[in-house]
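User: I'd like a close look at one part of this model. Could you walk me through it in one go?
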Amino acid sequence: MKIVVIGGSGLIGSKLVPKLREHGHEAVAASPNSGVNTVTGEGLAEVLKGASVVVDVSNAPAWEDAAVMSFFETSTRNLLNHEAAAGVKHHVALSVVGTDRLSGSGYFRAKIVQEKLIKNGTIPYTIVQATQFFEFLKQLADISFDGKKVRLPDALFQPMAADDVASAVGRVAVGQPLNGTVEIGGPETFRIDELVRRRLAPLNDSREVIADPNVLYSGAKLDERTLVPGKDARLGATSFEPWLTQSAGKATAAGTR
Ligand SMILES: NC(=O)c1ccc[n+]([C@@H]2O[C@H](COP(=O)([O-])OP(=O)(O)OC[C@H]3O[C@@H](n4cnc5c(N)ncnc54)[C@H](OP(=O)(O)O)[C@@H]3O)[C@@H](O)[C@H]2O)c1
């Protein structure tokens with residue numbers, strides 16, 4: 001089966017493409033670096049020729065409210081129109097657990113629009129809502145640093161390894177469209193500040209990490225469980241500590257630590 005992975009060069013896309021190929025599929029990584037741009041439409045008609053499935057794991061290059069809205073709206077419209085013309089039978093998109101509860105955030109308002117366009121479109125679809133990636137924790141600390149402290153919402157989350165995200169998205173991509181949403185998450189629930197502290201320690205990053213009840217998440221107010229998936233979520237196998245040990249090993253081998 002020909003499966004086009006939009007955002008195939010990204011964190012999730014670059015793990016997903018080889019997994020699909022291992023299972024005998026013709027997986028094509030598509031992104032601006034390979035001449036496919038979902039915003040301008042460049043290269044879309046060509047890459048979608050003969051494709052049965054499109055998996056959208058792209059992300060906006062800029063996260064200001066207007067830029068991110070313009071990206072997800074234009075990109076999703078272009079993709080769905082080109083998919084209809086090419087006879088694509090399943091559109092799979094990666095979104096975020098709790099997106100519908102996060103409308104205080106410009107980023108999540110754009111994800112809500114992305115999801116709505118897919119749901120109201122003509123292409124059979126499955127939306128996969130994932131929790132935060134372990135790989136995102138360091139970036140979360142950086143964007144939550146006010147110059148003195150890393151201030152994080154006082155709430156729970158259930159993050160997961162990017163590798164498990166890619167495996168779950170791959171299984172959805174080769175299955176039947178659900179015309180609905182599935183949630184995926186990690187096997188453990190943590191307080192956000194606790195886990196970010198544990199992520200920074202082996203990086204010798206000594207910034208103080210605190211839970212601040214007044215801090216917003218990407219501009220949105222969180223309740224205790226806004227980011228936590230429901231009981232039917234499909235859970236990844238990788239726990240945090242083994243992931244941390246493995247990523248420290250990789251970083252040492254690559255000379256980045
Ligand atoms: N971060 C988290 O914790 C988290 C949690 C749940 C869900 N998600 C969702 O996961 C998705 C993927 O995130 P990620 O971190 O894997 O993304 P990423 O590593 O930032 O990769 C983004 C990808 O999008 C591509 N892209 C950018 N502009 C494009 C365009 N105009 N046309 C086509 N492709 C374009 C990039 O291509 P180039 O390399 O060519 O620029 C790259 O392949 C996002 O939709 C995000 O909402 C994230």
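In S8, which residue is the bridge partner of Gln129?

Analyst: That would be Glu183. Before going on, a word on the basis: this is a predicted model, where local features need pLDDT of at least 70 and side-chain atom pairs count only at pLDDT 80 or more, while totals for chains, interfaces and linings use all residues. Residues are numbered from 1 along each chain as its sequence is written, and side-chain values use heavy atoms, with hydrogens and water left out.

Back to the strands (E in DSSP, runs of at least two residues, numbered from the N terminus). S8 covers residues 180-185 and pairs with S5, residues 125-130, in the parallel sense over five bridges; pairing takes at least two bridges found by DSSP. S8 is also joined to S11 (residues 234-235) by two bridges, again parallel, and there Ile184 stands opposite Arg234.

Further along comes helix H7, residues 192-200 (helices are DSSP runs of H or I, at least four residues). Its Ile192, Asp193, Leu195, Val196, Arg199 and Leu200 are buried, meaning under 20% relative accessible area with a 1.4 Å probe, protein chains only. They sit on the same side of H7, because they cover an arc of only 165° around the axis, taken from the directions from the helix axis to the C-beta atoms.

Leaving out residues up to four places away in sequence, Ile192 touches Leu140, Leu152, Pro153, Ala155, Leu156, Phe157, Leu222 and Leu227, contact being heavy atoms within 4.5 Å.

Conventions. Buried means under 20% relative accessible area, exposed over 50%, partly exposed in between (1.4 Å probe, protein chains only).
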